[in-house]
Amino acid sequence: MEGVEEKKKKIPVVPETLKKKRKLIYEKAKHYHKEYWQMYRTEIRMARMARRAGNFYTPAEPKLAFVIRIRGINGVSPKVRKVLQLLCLHQIFNGTFVKLNKASINMLRIVQPYIVWEYPNLKSVNELLYKHGYGKISEK
């Protein structure tokens, strides 16, 4: 009996390595929150300064889009089929993140009747990845 009680007392509730990991994760999250908050406040400050000077402020163009395929492939021209393949939209309701540049925007225009796309915010990205998905980085 005494040996069992001693083992229970010796086992720590949370190992030290987990405590360090948790602290590191917390610090990273805190840093990202601070960074996003500063970016948000900078946008507001720039708009107010421009308005005060009698000018207009145009925010930077988004660099990322989330694209979802909404139609099938029956009766689709080969060019549209190839663009859908390049965007990795093989099935209906598949979705991908696309970096926006001139070439990718032109590709999105070609397949416009078959897709919907929008600029994601941080909340929607978190929900998509946590609930429904997985990420591929460099084809891995």
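Is threonine 96 buried or exposed? Threonine 96 is buried, at a relative accessible area of 15%, where buried means under 20%, exposed over 50% and partly exposed in between, with a 1.4 Å probe and protein chains only.

## Basis of the model

This is a predicted model, in which local features need pLDDT of at least 70, side-chain atom pairs count only at pLDDT 80 or more, and totals for chains, interfaces and linings use all residues. Residues are numbered from 1 along each chain as its sequence is written, and side-chain values use heavy atoms, with hydrogens and water left out.

## Threonine 96

Threonine 96 belongs to strand E2, residues 95–99. Helices (H or I, at least four residues) and strands (E, at least two) are DSSP runs, numbered from the N terminus.

A polar atom of the threonine 96 side chain lies 3.2 Å from the backbone oxygen of leucine 87. Leaving aside residues up to four places away in sequence, threonine 96 touches Ala65, Phe66, Val67, Leu87, Cys88 and Leu89; contact means heavy atoms within 4.5 Å.

## Aromatic pairs

The structure holds three aromatic pairs. Rings of Phe, Tyr and Trp (its six-membered ring) pair if their centres lie within 6.5 Å; planes under 30 degrees apart count as stacked, over 60 as edge-to-face and the rest as tilted. One of the pairs is formed by tryptophan 37 and tyrosine 40, which is tilted, with 5.5 Å centre to centre and 40° between the planes. Both residues lie in helix H2 (residues 16–53), three residues apart, or about one turn of the helix. Tyrosine 40 is partly exposed, at 47% relative accessibility.

Phenylalanine 66 and phenylalanine 97 have ring centres 4.9 Å apart and planes at 55°, so this pair is tilted. The pair links distant parts of the chain, with phenylalanine 66 in strand E1 (residues 64–69) and phenylalanine 97 in strand E2, 31 residues apart. Phenylalanine 66 is buried at 17% relative accessibility, whereas phenylalanine 97 is partly exposed at 34%.

## A nonpolar surface patch

Tyr32, Tyr36, Met39 and Leu122 form a nonpolar patch on the surface, and together they have about 420 Å² of accessible area. Patches consist of residues with over 30% relative accessible area and no salt bridge; like charges are joined within 9 Å, and nonpolar side chains (Val, Leu, Ile, Met, Phe, Trp, Tyr) within 5 Å. A salt bridge is a side-chain nitrogen of Lys or Arg within 4 Å of a carboxyl oxygen of Asp or Glu. Accessible areas come from the Shrake-Rupley method with a 1.4 Å probe; for residues, only the protein chains shown count as cover.

Helix H2 supplies the largest share of the patch, three residues. Tyrosine 36 lies in helix H2 and is partly exposed, at 41% relative accessibility.

Notes: Polar contact = N/O pair within 3.5 Å; in protein donor to acceptor, adjacent residues only side chain to side chain.
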